[in-house]
Amino acid sequence: MHVLAADAPQAEDPTGFFGVLAHAAEWFIGLFQAGAENFVGLLTGIIPLLIVLLTAVNALVRAIGVQRIERFGEMAARPGIQWYPVRYLVLPVLSVFFLTNPMCYTMGRFLPEKYKPAFYDSSVSFVHPILGLFPHANPGEYFVYAGIAVGITQLGFGLGDLAVRFLLVGLVVILIRGVVTELITARLLARNTRNEGALA
């Protein structure tokens, strides 16, 4: 019986036009298989982590109290250079951490109009640097950090160091962007006021 099975003719891979079709079909289904494997990896890896983190952060917000967080936003609206780090470093970090993307931008409602563009610039610039340590802050774009992380792990480096450096560089960048955007906004508002005065 085994001899007959061994003597049975083996089908050769198709060549020519049909070979191209067969390889194209294999590639096509392989693409979906790779997508399915990636999806299963997300279901067993990052998605449970995000659900637990979101639950923990929401519990922390309720424990601290929404009113206290909002009062802090009002304090950051005070004028003066000493409030730059509060307005463009501490407030965006707390907003992104507690409210996550895109709700973090709503903290700008406590700021005067002249500070809102700079606060937005700081906040939107921080939704990626925070991902390495706190992926709950911007889960929809975690693939950006994950793509960088894959390259780092293939080089043999640890992800903890990458996450901390990513966060620290992000803190410096958001402070600089906030201050620069506030200065640009002030110049544009002054120019707009002069133009309106000249037209009147």
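Trainee: Which residues form the nonpolar patch on the surface?

Mentor: Trp27, Phe28, Ile29, Leu31 and Phe32. Keep in mind that this is a predicted model.

Trainee: How much accessible area do they have together?

Mentor: About 580 Å² for the five named residues, Trp27, Phe28, Ile29, Leu31 and Phe32.

Trainee: Take Leu31. Where is its place?

Mentor: Leu31 sits in helix α2, which covers residues 16-44.

Trainee: New topic. What is the phi of Thr100?

Mentor: Positive, about 60°, and Thr100 is not a glycine.

Trainee: Where is Thr100?

Mentor: Thr100 is in the loop between α5 (84-99) and α6 (116-126).

Trainee: Is Thr100 buried or exposed?

Mentor: Buried. Its relative accessibility is 14%, and the limit for buried is under 20%.

Trainee: On to the inside. How many residues does the largest nonpolar core have?

Mentor: The count is 26. Tyr88, Val96, Leu111 and Ile130 have the most contacts inside that core.

Trainee: Which helices supply at least two residues each?

Mentor: α5, α6 and α8 each do, and α8 spans 159-199. The most comes from α5, with seven residues.

Trainee: What does Tyr88 touch?

Mentor: Leave out residues up to four places away in sequence. Tyr88 then touches Tyr115, Ala118, Phe119, Ser122, Ile174, Leu175, Gly178, Val179 and Glu182.

Trainee: Zoom out. How many helices and strands are there in the protein?

Mentor: Eight helices and zero strands. From the N terminus the order reads α-α-α-α-α-α-α-α.

Trainee: What share of the residues is buried?

Mentor: Buried residues make up 28% of the 200 in the protein.

Trainee: And what does the accessible surface come to?

Mentor: About 13100 Å² for the protein. Carbon and sulfur atoms hold 69% of that surface.

Trainee: Last one. Among contacts with a separation of 6 or more, what percentage joins residues 24 or more positions apart?

Mentor: That comes to 64% in this protein.

Notes. Residues are numbered from 1 along each chain as its sequence is written. This is a predicted model: local features need pLDDT of at least 70, side-chain atom pairs count only at pLDDT 80 or more; totals for chains, interfaces and linings use all residues. Side-chain values use heavy atoms; hydrogens and water are left out. Patches are made of residues with over 30% relative accessible area and no salt bridge: like charges are joined within 9 Å, nonpolar side chains (Val, Leu, Ile, Met, Phe, Trp, Tyr) within 5 Å. Accessible areas come from the Shrake-Rupley method with a 1.4 Å probe; for residues, only the protein chains shown count as cover. A salt bridge is a side-chain nitrogen of Lys or Arg within 4 Å of a carboxyl oxygen of Asp or Glu. Helices (H or I, at least four residues) and strands (E, at least two) are DSSP runs, numbered from the N terminus. Buried means under 20% relative accessible area, exposed over 50%, partly exposed in between (1.4 Å probe, protein chains only). A nonpolar core is a set of buried Ala, Val, Leu, Ile, Met, Phe, Trp, Tyr and Cys residues joined through side-chain atoms within 4.5 Å. Contact means heavy atoms within 4.5 Å.
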